[in-house]
Amino acid sequence: MGVAELTRAKARSGESRLPLNQILPGDCVQAMRQIPDASVDLVFADPPYNLQLGGDLARPDGSSVDAVTDHWDRFDSFAAYDAFTQAWLRQARRILKPDGALWVIGSYHNIYRVGALMQDLGFWILNDIVWRKSNPMPNFKGTRFTNAHETLLWASMGEKARYQFNYRAMKTLNDELQMRSDWTLPVCGGAERLKENGRKVHPTQKPEGLLYRVLLATTEPGDVVLDPFFGTGTTGAVAKRLGRQWIGCEREDHYRHAALERIGRELPLDESALATMQSARSAPKVAFGALVEAGLIAPGTVLFDAKRRWNAVVRADGSLICEGRTGSIHGVGKDVQGAPSCNGWTFWHLEQAGEVKPIDAARQRYLLSVED
């Protein structure tokens, strides 16, 4: 099923009742009460960090640091912050599907309190991700280590609950290495940073690269993603680009207007671009011969390994011949290496239009053509 068909199927299943691709105004707890039970695939939350800043922060040259001093980040006590956190977490748990998941990002000021409350409410923490900032703000006073990271908690609905994880897509994104739990990404800046009159529209705007990785890893096209602290709409912008549905909650008028303008400028990727590498368990079985039949790899094509140690010729029936050895892409790959096994899809490569790719790229094109 293609992206468009998947989106339509999800809408027909009852998600049409949701305020899709809208920002709900007002307090997030009240706004989430409008969402039906078990109707959302993912909640990504960037709540107030409760930084408790005691005053203005200045650089050594006397200039002011544009830090978080907004009213929405101020709480009278830890108890007040905990009560607020528990209230929105309860709503998040109510609206998530049984196989849904929750992401929360925070700093040392709040993430431990949030994590404990998540566990108290029955969420099962799958990973804590360290976002290591490649360009963090210095510690201007020189009184502590430079705070160069934030933490994301990824949790399922329970210890035995199912959840979405696109392992293969993450491995592909990471140059065929397993994606680790420490992510190095720059803070939001440049053209991506929303500004008005030279000042940041929002002091804690998250980089789109961070949300891109979260959504690509743990949702599918057509899934519904809710962000209860929508801000200037990073979650919505990335969700739209990746073919996901989004819902935002934001009480500040200024942020809502900025978010709507930003998301309105975003263009969704086309369906073929949204297709990602699938895990071995979920990928449909495809015979190499089917690619030969479909004309994606012609008989007589020369395949080679990544280091060009061996060349193999594709025969009309989808078998290979290499140095007198004949057989399947997997069998010949195993034999020439003297290895116990071989994944021929990633071992063998071909050159087309001056570009070298593993033959698995042709399999992905074949799967897209079958879906269409």
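Me: How many aromatic pairs does the count come to in this model, and what kind of model is it?

Reply: The count comes to 12 aromatic pairs, and the model in which they are found is a predicted one.

Me: Why is the pair of Trp103 and Trp154 called stacked?

Reply: The ring centres of Trp103 and Trp154 are 5.6 Å apart and their planes make an angle of 10°; since rings pair if their centres lie within 6.5 Å, and planes under 30 degrees apart count as stacked, the pair meets both conditions and is therefore called stacked.

Me: What makes this a link between distant parts of the chain?

Reply: Trp103 belongs to strand E3 and Trp154 to strand E5, and the two residues are 51 residues apart.

Me: How do you know whether Trp103 and Trp154 are buried or exposed?

Reply: Trp103 has a relative accessibility of 2%, and because buried means under 20%, Trp103 counts as buried. Trp154, with a relative accessible area of 4%, falls under that cut-off too and is therefore buried.

Me: Why is the pair of Trp154 and Tyr163 called edge-to-face?

Reply: The planes of Trp154 and Tyr163 are 90° apart, with 5.5 Å from centre to centre; because planes over 60 degrees apart count as edge-to-face, and the centres lie within 6.5 Å, the name applies to this pair.

Me: Why does Tyr163 count as partly exposed?

Reply: The relative accessibility of Tyr163 is 39%, which lies between the 20% under which a residue is buried and the 50% over which a residue is exposed, so Tyr163 counts as partly exposed.

Me: Which residues do ring pairs link into a cluster with Trp103 and Trp154?

Reply: Besides Trp103 and Trp154, the cluster holds Tyr163, Phe165, Tyr167 and Trp183, linked by ring pairs. Trp183 also has Arg213 over its face, at 5.0 Å from the ring centre. Elsewhere, Arg363 lies over the face of Trp345, at 4.3 Å from the ring centre.

Me: Which residues have the most contacts inside the largest nonpolar core, and which element gives the most to this core?

Reply: The largest nonpolar core has 34 residues, and those with the most contacts inside it are Trp88, Leu102, Met118 and Phe123. Helix H3 (78-95) is one of the elements that give two or more residues to this core, and H3 gives the most, with 6 residues. Leaving aside neighbours within four places in sequence, Trp88 is in contact with residues including Cys28, Met32, Leu102 and Phe229.

Me: How do you know that Cys28 is in no disulfide?

Reply: The nearest cysteine sulfur to that of Cys28 belongs to Cys249 and is 6.5 Å away; because a disulfide is a pair of cysteine sulfur atoms within 2.5 Å, Cys28 is in none. The structure as a whole holds 0 disulfides.

Me: Why are Cys28 and Cys342 called buried?

Reply: Cys28 has 6% relative accessibility, under the 20% cut-off, and so counts as buried. Cys342, with a relative accessible area of 15%, is also under 20% and is therefore buried.

Technical notes. Residues are numbered from 1 along each chain as its sequence is written. This is a predicted model: local features need pLDDT of at least 70, side-chain atom pairs count only at pLDDT 80 or more; totals for chains, interfaces and linings use all residues. Side-chain values use heavy atoms; hydrogens and water are left out. A nonpolar core is a set of buried Ala, Val, Leu, Ile, Met, Phe, Trp, Tyr and Cys residues joined through side-chain atoms within 4.5 Å. Buried means under 20% relative accessible area, exposed over 50%, partly exposed in between (1.4 Å probe, protein chains only). Helices (H or I, at least four residues) and strands (E, at least two) are DSSP runs, numbered from the N terminus. Contact means heavy atoms within 4.5 Å. Rings of Phe, Tyr and Trp (its six-membered ring) pair if their centres lie within 6.5 Å; planes under 30 degrees apart count as stacked, over 60 as edge-to-face and the rest as tilted. A charge sits over a ring if NZ of Lys or CZ of Arg is within 6 Å of the ring centre and within 35 degrees of the ring normal.
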